[in-house]
Amino acid sequence: MGSSGEMKQNFLKGIIKENPVFVMLLGMCPTLGVTSSAFNGLGMGLATLFVLLMSNIVVSLFKSQIPNKVRIPAFIVIIASFVTIVEMVLEAYIPFLYEQLGIFIPLIVVNCLILGRAESFASKNSLTASIVDALGMGMGFVIALTALGAVREILGNGSIFEFRFVSEDANTLILFILPPGAFIALAYLAIVFNRVTQKAT
Amino acid sequence: MEYWVIFIGAVFVNNIVLSQFLGICPFLGVSNKISTSAGMSGAVLFVMTIATTVTYLLHTYILVPMGLDYLRTITFILVIAALVQMVEIILKKVSPPLYQALGVFLPLITTNCAVLGVAILALGMENGTLLKAVFFAFSSSVGFALALIVFASIREFLELADLPEGMKGVPINLLVAGLLSLAFLGFAGLV
Amino acid sequence: MKKKESTLINMVFVLFAITLAAGLSLGYVNDITLEPKAKARLAKKMKALNVVLPQFDNDPISDGYLLKMAEVKDSVEIYPAYKDSVFAGAAITGVSERGYSGLVKLMVGFQPDGQIINIAVLEQKETPGLGTKMKGEKFLRQFREKHPASFDLKVQKDGGEVDALAGATISTRAFSEATQQAYDAYIIYKEKNLISDN
């Protein structure tokens with residue numbers, strides 16, 4: 001078991017050095033697809049964090065029970081189960097978010113981030129380390145999606161978390177809510193992120 | 001006429017990559033050369049069409065009648081994963097040249113969200129029939145190919161461009177994708 | 001613990017166990033969320049009904065029924081409202097597939113004489129920031145207390161009286177078309193049920 005310093009490193013790497021969105025370019029479909037508002041970005045981020053955490057826990061617990069040759073299909077079934085649970089719970093209790101995220105909820109299954117962490121981390125490490133890894137990576141994903149959603153909402157809709165700071169008729173940069181704005185906003189956020197982290201290290 | 005609308009809609013208006021954001025990973029990942037992107041497109045065309053046929057039948061004739069609709073995600077992803085393996089094995093035996101062209105791309109397709117995404121979208125079509133769903137999948141993969149190949153041909157020129165340090169790599173690719181998406185926005189409202 | 005070998009029996013057994021566990025747990029979660037899911041859908045409909053109907057004391061959803069119309073693919077849903085057993089109005093769904101990106105579905109509330117009370121948007125996929133403003137108060141206001149018999153439900157550009165949303169004429173057209181369809185359904189409904197104007 002690693003020391004607390006190691007644990008902190010393990011947690012922080014997901015947020016900064018190996019940020020899934022800005023550095024590793026994993027899970028780009030939901031990143032671009034649902035971030036038309038900060039709330040949607042946050043919701044998608046948290047849903048993904050939950051699936052990532054649960055799949056890392058289960059994979060780490062049963063890693064010695066799963067034969068090597070069938071590990072990928074086994075991981076996929078585990079991940080898909082948790083995704084379906086998230087889908088059903090969202091539909092039942094947060095129908096508004098369920099409608100907003102639409103097809104991107106079932107698509108959490110094919111988010112390379114989750115299968116990637118199961119394969120490269122949880123299947124080789126202890127339970128605690130896997131939990132910390134999932135929390136770090138998941139938080140990195142949540143932060144990236146919320147930031148992108150916030151930027152697009154501020155520029156495109158003149159509001160943040162539905163709180164409007166311009167009048168209803170004001171002309172905003174609608175482009176940023178439309179599909180092209182997703183690419184463009186992410187491009188500039190990636191530049192800023194790289195600048196800041198390079199200076200910090 | 002109806003099929004024409006589906007085709008134009010899937011290829012231009014609601015292009016799966018540039019306006020629906022499905023299949024972004026291969027779009028950014030294997031688009032540095034026209035030849036590789038053509039190979040990837042071929043593999044996607046193949047798998048997406050077959051996968052949608054199978055998942056549509058499975059959904060309409062097994063899952064829905066048995067009330068197991070909630071197992072959709074889990075069954076679809078397993079079908080796609082198994083299908084990719086099967087296509088790989090069959091292709092190897094039946095058509096070695098085709099396998100050589102598409103082989104390296106096939107394993108990547110399981111986690112290509114465009115395949116699962118289109119399989120799910122095809123279920124939601126209005127007045128859907130099997131033929132329409134399959135045609136929709138085919139059209140979507142043509143849209144995927146179009147986006148990928150156009151993007152790759154721009155990227156080949158970008159290699160020669162003189163860019164500021166911070167712009168190199170990911171940011172400039174995203175910007176180009178954004179402009180391409182903006183261009184496709186011009187097709188909106190066509191159907 | 002030692003890693004399990006990749007023998008056929010092991011592989012089949014493990015995969016079977018995992019799928020079984022997955023299937024059972026999903027079935028369980030499905031069972032417990034079934035009721036809340038239905039409730040959520042009902043709550044959404046109820047919310048729209050409360051917005052578009054006048055005061056009522058019956059249950060419009062259980063009193064509601066489906067009306068088949070020639071040019072409408074799905075049936076039109078009609079939810080009548082009664083106050084002290086007197087017909088107070090009805091909420092009717094209207095659909096248009098000619099929105100900027102497909103389906104626009106509305107719930108339109110009518111007074112017994114056919115005057116529009118209010119309109120709620122049930123489903124739409126219009127452009128965010130342009131067509132989505134059809135949900136805004138400023139746009140909806142122009143329809144309230146208008147009678148479709150005298151208020152021409154067409155966009156001004158097409159010779160009607162509806163003030164289009166800036167930059168979203170197509171969305172406005174779909175919206176007007178759906179409203180008109182709901183009104184047509186209301187007329188049929190009234191004739192069938194022989195409800196007089198008072």
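This report describes the fold of chain A and its interface with chain C in a predicted model.

Residues are numbered from 1 along each chain as its sequence is written, and chains are lettered from A in the order in which they are written. Local features need pLDDT of at least 70 and side-chain atom pairs pLDDT 80 or more, whereas totals for chains, interfaces and linings use all residues; side-chain values use heavy atoms, without hydrogens and water.

Chain A comprises eight helices and two strands, arranged along the sequence as α-α-α-α-α-α-α-β-β-α. Helices (H or I, at least four residues) and strands (E, at least two) are DSSP runs, numbered from the N terminus. Of the 201 residues in chain A, 58% are buried, that is, under 20% relative accessible area (1.4 Å probe, protein chains only).

| Property | Value |
|---|---|
| Residues from chain A | 27 residues |
| Residues from chain C | 30 residues |
| Buried area | about 2500 Å² |
| Carbon and sulfur share of the buried area | 68% |

Contact means heavy atoms within 4.5 Å; buried area is the accessible area (1.4 Å probe) that two parts lose on being put together, summed over both.

Three salt bridges are found across the interface of chain A and chain C, a salt bridge being a side-chain nitrogen of Lys or Arg within 4 Å of a carboxyl oxygen of Asp or Glu. In the salt bridge between C:K44 and A:E99, the closest N and O atoms are 3.4 Å apart. On the side of chain A that touches chain C, α4 (71-93) and α5 (95-101) each supply at least two residues; the largest share, twelve residues, comes from α4(A).

Conventions: Buried means under 20% relative accessible area, exposed over 50%, partly exposed in between (1.4 Å probe, protein chains only).
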